Amino acid sequence: MEIKQLRYFVKVAELNSVGRASDLLNIAQPTLSRQIRALELELKTDLFARNGRGVTLTVLGRRFLEHARGILHATDSAMDALNEGKTAYDGKVVTGFTPSVGRTMIPSFTEQFVERFPKASLSIVEGYSSALTEQVLMGKLDFAILLNPVASPNLLIDPIATENLYLIGATPLGQKPREVKLEQLADIPLIMPYTMHTIRPLLEYEAARLGISLNISLEIDAVRSIVDLVEKGSGYTVMPLNSVRRDSHPRLSWQRIVKPVIEVTICLVRPVRGAQTALPTEAAALARSTLVGLLEESKHG
């Protein structure tokens, strides 16, 4: 298996076409086809299904694609570290944020990143904590900021802050507009992500301790869509305080969940294995300081 074969494979997978990939890579189509086939023979499996309109990834091809991207990212990082012609802050950073964290800090972080590292490029992935953790472990992400990561000997976990969970709705629940008991959530329709991400199992665990069942009426894996439905009165949801820009949704009600108070810990997660170059290390530090600053602003805002 050769690195160039992985690059060819990823490009064909992204374009769903050997012809378009050959044009973009500036190599002859027969040569590209032979390289892809050689990779398939090496792996002893078909990565693509061929048809008259182009190619599509097989099930195993889709699985291999994620690993190939991780390998290429690690390879590029290694080459950057060895390339004496580059400054310490040239190269590419790939990072990930959960929707709640990303909505708060992506605009500010990207602005500061561009200003501080003008010769570097930045890619940001948004996803739930479990998926981001897996991508850090696979080497696809240089670092991620997420909620309640599971301890692993292969991860460096740096806690940044804790946040309470809030019930969000079009109107307050109960008599107290600023807080609500967890037991009161048993009788309302909740709109939550389908994926078993950090917040939902934590919420269901605490509810089970009280002997109550939650009514998950809708399951949607998109924070923006959840908020839109909540704003229309289709149900309630549960999120950390800074998961949504409150000034963009002034009609929403935010009630801190009490008895018990439920907290999540925001953490910076980096891989243990492999020495990181200066750029991703400094970018991670910048992301951390950006988030701390924004959280402080929200407390005094």
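1. Which element supplies the largest share of the lining of the second largest pocket? The answer is α5, with 4 residues. Helices here are DSSP runs of H or I with at least four residues, and strands are runs of E with at least two, numbered from the N terminus.

2. The model is predicted, so local features need pLDDT of at least 70 and side-chain atom pairs pLDDT 80 or more, while totals for chains, interfaces and linings use all residues. Residues are numbered from 1 along each chain, and side-chain values use heavy atoms, without hydrogens and water.

3. The second largest pocket holds about 350 Å³ of space. A pocket is an open set of points on a 1 Å grid over the protein atoms alone, where a 1.4 Å probe fits, with protein on both sides within 12 Å along at least five of seven lines; lining residues have an atom within 4 Å of a point. Volume is the space filled by probe spheres set on the points, which are joined across faces, edges and corners. Of its 13 lining residues, Thr104, Asn242, Arg245, Leu294 and Ser298 are closest to the centre. Two or more residues come from each of α5 (99-116) and α9 (278-300).

4. The largest pocket has about 550 Å³ of space. Its lining has 19 residues, with Arg69, Leu72, His73, Lys92 and Val94 nearest the centre. Helix α4 gives the largest share, 8 residues. At least two residues each come from α1 (3-15), α4 (59-82), β3 (91-97) and β4 (120-126).
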